[in-house]
Amino acid sequence: MPVRRIGILTGGGDVPGLNSVIKGVTYRAADLGYEVVGIRRGWEGLTHLNPADGKSLAEYTRLLTRENTRTIDRTGGTFLHTSRTNPLKMKSLPAHLQARYAGQKAPYNVSTEVESNLRNLDVDCLVAIGGDDTLSYAAHLHKQGVKVVAIPKTMDNDVRNTEYCIGFATAVTRAMDAINRQRSTVGSHERVGIFRVFGRDSGYTALFTAYVTSTRCAIPEYQFDLERMIGLLREDKAKNPSNYAMVVLSEGASWKGYQVQEYGEPDAFGHRKKLSVGEAFSAEVTARTGEDTLVSDLTYDLRSGEPDFVDKVVGYTFAGMAMDCIQEGRSGVMTAIVDGCYALAEIPDPALGPRVVDVEAMYNVQRYRPNYDRKVGLPLFLTRP
């Protein structure tokens with residue numbers, strides 16, 4: 001039977017470019033005569049939806065048309081909203097499911113409800129847009145026989161099987177702009193500027209930000225030597241006519257003898273929030289050198305606002321590729337970029353974890369900088385999936 005109704009959702013953190021995907025899917029579907037139902041708040045929409053309740057349907061679903069998606073690509077965020085819900089490990093249940101799971105203990109596996117809600121919504125194929133956490137559940141649904149096409153997005157650019165994820169270029173552009181704006185303040189006060197960016201397990205955002213701002217950086221994939229890093233920054237400061245230095249730190253970066261500090265309860269996928277490594281590193285710099293520092297946490301600013309042209313282009317293209325797959329009856333695949341070209345790949349196996357920086361190829365462990373040489377033959381984003 002031909003596909004007649006497509007479901008689409010966004011999960012995890014928002015990034016610029018998501019609305020381009022949503023609009024692209026909706027417009028192409030309209031041309032093909034398909035309906036598109038937007039599922040609000042990511043996987044929460046399919047775990048909390050009560051199809052017998054009209055109010056619940058209005059809260060968690062929205063029929064998407066050319067008219068109501070016409071202008072959404074002009075802004076950032078996600079038109080469908082998002083959450084970090086994991087249907088395999090629900091900490092609590094919506095009211096209408098509590099009696100059904102009476103006697104069971106949290107966390108609850110409510111995949112049966114997800115599959116039932118997709119059937120009740122007459123969804124023939126689901127387009128799931130997300131990072132490694134969101135797509136790990138998409139991979140689970142595929143194994144259960146649900147037709148799924150995945151689209152990768154994350155500022156960390158750490159989804160396996162692809163060189164690029166929606167949101168990454170805008171995040172680096174935002175970081176570059178913020179750091180270049182703050183140079184005047186760091187220089188005016190002759191300080192060491194310390195900039196923290198996202199990157200729990202992978203250092204792509206910090207590495208590429210350092211690449212385009214000519215700064216040093218620290219990434220989760222390599223524990224740096226504290227004395228050496230501080231020495232290099234003091235050297236930079238002494239050589240700089242304005243007497244300042246700067247470094248970019250991934251949130252998951254650490255040095256020998258320091259363990260990344262976490263706090264709060266784990267989220268649905270087991271991640272806890274991280275204390276600012278920027279503040280911890282600042283304290284070490286001041287204690288060892290007496291130098292004043294300026295610590296700037298850029299994290300959430302990187303995912304805010306309108307996407308740059310790269311994320312719009314990739315967003316629209318990934319949308320078109322997803323619709324090609326649906327037309328061809330393909331499922332269990334993810335849109336991707338491989339060797340610098342658009343491609344289709346398997347939805348990553350969540351057991352493999354996130355994609356990480358190839359330290360030997362991309363990071364100078366002596367200078368704590370990106371490698372700038374020997375790039376001939378490599379794809380645009382300097383590494384392969």
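Which residues in α10 meet which residues in α11? On the α10 side they are Leu226, Glu227, Met229, Ile230, Leu233 and Arg234, and their partners in α11 are Phe281, Glu284, Val285, Arg288 and Thr289. Keep in mind that this is a predicted model.

## Two helix pairs

Helix α10 covers residues 226-239 and helix α11 covers residues 277-289; their axes come within 11 Å and cross at roughly 75°. The range for calling a pair roughly perpendicular is 65 to 115 degrees, so α10 and α11 get that label.

Now for α6 and α7. Helix α6 (residues 111-120) packs against helix α7 (residues 132-143) at an angle of about 75°, and the axes are 12 Å apart. That makes this pair roughly perpendicular too. From α6, the contact uses Ser111, Val114, Glu115 and Leu118, while α7 brings in Tyr137, His140 and Leu141.

Ala102 is exposed, at 59% relative accessible area. Take Ala102 together with Ser304: they're 202 residues apart in sequence, and their C-alpha atoms are 41 Å apart in space.

Pro107 belongs to the loop between α5 and α6 as well. The peptide bond joining Ala106 and Pro107 is cis, with omega about 0°.

Strand β12 runs over residues 333-338 and holds Thr335. Is Thr335 buried or exposed? Thr335 has a relative accessible area of 0%, so it's buried. Leaving aside residues up to four places away in sequence, Thr335 touches Ala150, Ile151, Pro152, Phe318, Met321, Ala322, Ala343 and Leu344.

Strand β13 takes in residues 341-346, with Tyr342 among them. Tyr342 is partly exposed, with 40% relative accessible area. Along with Phe309 and Val313, Tyr342 forms a nonpolar patch on the surface, and together the three have about 330 Å² of accessible area.

## Positive phi without glycine

Asp339 lies in the loop between β12 and β13. Asp339 isn't a glycine, yet its phi is positive, at about 55°. With a relative accessible area of 43%, Asp339 counts as partly exposed.

Where does Arg374 sit? You'll find Arg374 in the segment after β15 (369-370). Arg374 also has a positive phi of about 55° despite not being a glycine. At 74% relative accessible area, Arg374 is exposed.

Note on methods: Residues are numbered from 1 along each chain as its sequence is written. This is a predicted model: local features need pLDDT of at least 70, side-chain atom pairs count only at pLDDT 80 or more; totals for chains, interfaces and linings use all residues. Side-chain values use heavy atoms; hydrogens and water are left out. Patches are made of residues with over 30% relative accessible area and no salt bridge: like charges are joined within 9 Å, nonpolar side chains (Val, Leu, Ile, Met, Phe, Trp, Tyr) within 5 Å. Accessible areas come from the Shrake-Rupley method with a 1.4 Å probe; for residues, only the protein chains shown count as cover. A salt bridge is a side-chain nitrogen of Lys or Arg within 4 Å of a carboxyl oxygen of Asp or Glu. Helices (H or I, at least four residues) and strands (E, at least two) are DSSP runs, numbered from the N terminus. Buried means under 20% relative accessible area, exposed over 50%, partly exposed in between (1.4 Å probe, protein chains only). Axes are lines fitted to C-alpha atoms, for helices over the stretch in contact, and angles run from 0 to 180 degrees between N-to-C directions. Angles under 35 degrees count as roughly parallel, over 145 as roughly antiparallel, 65 to 115 as roughly perpendicular and the rest as oblique. Contact means heavy atoms within 4.5 Å.
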